[in-house]
Amino acid sequence: MTTHNTGNNCDDKDCAAQNKRPGAEDQDLLDRQALQSRMSQIKHKILVLSGKGGVGKSTVAVNLAAALAMAGKRVGLLDVDVHGPSVPKLLHLQGTPISGTESSIYPVKMRCGASMLYVMSIDFLVRDRDAAVIWRGPMKYGAIKQFLKDVEWGDLDYLVIDSPPGTGDEPLAVAQLIEDADGAVVVTTPQEVAVQDVRRCVVFCKQVRLPVIGVIENMSGFTCPECGKSVKIFGADGGRTMAEQMNVPFLGAIPIEPEVVQSGESGTPIVQSQPHSETAKTFGRIVRVLIEPELRSAEAQRQPLRAGGSMKIAIPVTGGVLSSHFGHCERFVLFDVEADGKTIGQRQELTPPPHEPGTFPRWLHEQGATIIIAGGMGSRAQSLFSENNIRVVVGAAGGEPDVIVQEFLDGRLETGPNICDH
Ligand code: ADP
């Protein structure tokens with residue numbers, strides 16, 4: 001008589017495979033699916049990164065989140081800095097008890113103007129901070145993954161993530177786990193050594209295919225309240241220069257202000273406590289750029305052109321004039337720009353490969369393009385160009401490509417709304 005073993009006693013391989021408990025790989029997949037489902041409730045995810053600690057990354061993350069909330073958005077602020085979580089300190093939330101279930105933890109709610117801000121920090125969960133300091137890479141990865149997966153945010157317009165500094169395991173985990181992040185805001189101070197760290201950070205973003213939304217230069221000069229004289233304590237314009245050299249947008253410069261320190265100590269972000277300060281106004285401008293991505297290209301256009309660096313401008317054309325639908329253009333005209341940044345050099349006309357998402361940015365990058373001027377372009381396409389190191393200028397009206405490029409180089413190009421942002 002033939003007998004059949006069942007369940008765990010079965011020695012048939014297929015049967016055993018069906019009955020096995022999830023192994024580490026399966027569990028990782030399940031966790032990632034749970035994480036993706038959580039993240040799908042959040043429209044925009046923005047990582048705040050810095051090449052090293054102490055440059056004001058957490059201060060920037062807190063104020064960006066608060067400014068977005070004050071602009072009427074539903075915002076979460078997540079602090080995943082395992083070694084030095086500063087968000088609870090900056091918002092006076094240390095030791096706040098948190099609630100949750102077996103699979104969910106609820107963020108702490110705090111009022112921010114007329115809106116609420118939802119805050120979660122790894123500091124609320126890790127009781128033994130000294131032990132966390134010696135966590136190795138896989139433990140940190142596991143903690144960050146579980147943390148991202150379990151926080152119950154509900155529907156959010158924005159999640160601002162204060163990532164650990166540097167380009168090591170922890171920011172890598174965050175960048176890999178949040179697959180559809182809008183991109184990174186990179187914080188630096190003006191001095192050369194910090195700027196080099198940020199350069200690494202921008203390269204890191206490119207390697208993990210995370211778009212760089214832009215660079216913020218923090219601690220950028222100090223205006224003496226007594227005599228009104230401006231002093232460049234940490235040097236001048238390093239972040240702006242670096243952004244231009246790396247071909248990423250520059251979002252703004254925040255001065256050293258004693259009120260920033262005071263607001264950190266009082267637990268109220270400066271955008272809320274001192275809305276008329278220089279710093280609050282700068283955050284207001286940066287947040288407008290985050291909310292309206294097309295302003296990013298207007299901002300990019302205002303940036304001084306790189307002197308000395310090679311610049312190649314691509315214009316999509318149909319029937320010899322700028323094509324309003326860049327994805328359906330007949331050809332691209334590519335213009336080399338002379339080292340003075342003002343004179344058109346060699347001109348080439350090329351037929352692009354068949355259009356599919358991602359093809360044009362890659363192909364134009366291969367042709368050496370560093371700028372594309374278009375009538376309109378969706379935000380996803382803009383991110384793809386940015387990933388390929390190509391700066392996007394949208395809102396140009398139709399016309400001959402040579403005229404458009406000369407106007408652009410002369411700073412006379414007028415841009416309107418992004419006309420085909422579908
Ligand atoms: P990070 O997250 O990069 O380590 P923090 O945001 O914790 O840096 O800031 C470090 C310190 O610098 C804090 O005491 C903060 O109040 C202060 N700080 C940050 N930005 C400014 C600024 N613009 N002006 C004055 N102090 C600042």
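At 22% relative accessibility, Arg-32 counts as partly exposed, a class that lies between buried (under 20% relative accessible area) and exposed (over 50%), with a 1.4 Å probe and protein chains only. The model that holds this residue is predicted, so that local features need pLDDT of at least 70 and side-chain atom pairs count only at pLDDT 80 or more, while totals for chains, interfaces and linings use all residues. Residues are numbered from 1 along each chain as its sequence is written, and side-chain values use heavy atoms, with hydrogens and water left out.

The side chain of Arg-32 meets that of Glu-179 in a salt bridge, at 3.2 Å from N to O; the term stands for a side-chain nitrogen of Lys or Arg within 4 Å of a carboxyl oxygen of Asp or Glu. Because Glu-179 lies in the loop between α7 (169-177) and β6 (183-188), whereas Arg-32 belongs to helix α2 (residues 24-39), the pair ties together parts that are 147 residues apart in sequence. Helices (H or I, at least four residues) and strands (E, at least two) are DSSP runs, numbered from the N terminus. Glu-179, with 52% relative accessibility, counts as exposed.

The structure holds 13 salt bridges, and among them is the one between Lys-149 and Asp-150, whose closest N and O atoms are 3.0 Å apart. Both Lys-149 and Asp-150 are buried. A further salt bridge joins the side chains of Arg-331 and Glu-349 at 3.7 Å, N to O. Since Arg-331 lies in strand β13 (residues 331-337) and Glu-349 in strand β14 (residues 344-350), this pair ties together parts that are 18 residues apart in sequence. Arg-331 is partly exposed at 31%, as is Glu-349 at 38% relative accessibility. Salt bridges with shared partners join Arg-331, Arg-347, Glu-349 and Asp-402 into one network.

Turning to the strands, an open sheet of eight runs in the order β3-β4-β2-β5-β1-β6-β7-β10, with mixed pairing, where two strands pair if DSSP finds at least two bridges between them. Its edge strands, β3 (108-112) and β10 (250-253), each pair on one side only, and the twist averages 25° from one strand to the next. Within this sheet, β2 (residues 75-79) and β4 (residues 115-121) pair in the parallel sense over five bridges, and Leu-78 stands opposite Met-120 in β4.

Helix α3 (residues 57-70) lies across β1 (42-50), β2, β3, β4, β5 (156-162), β6 and β7 (212-217), and runs at about 170° to β5. Here axes are lines fitted to C-alpha atoms, for helices over the stretch in contact, and angles run from 0 to 180 degrees between N-to-C directions; contact means heavy atoms within 4.5 Å.
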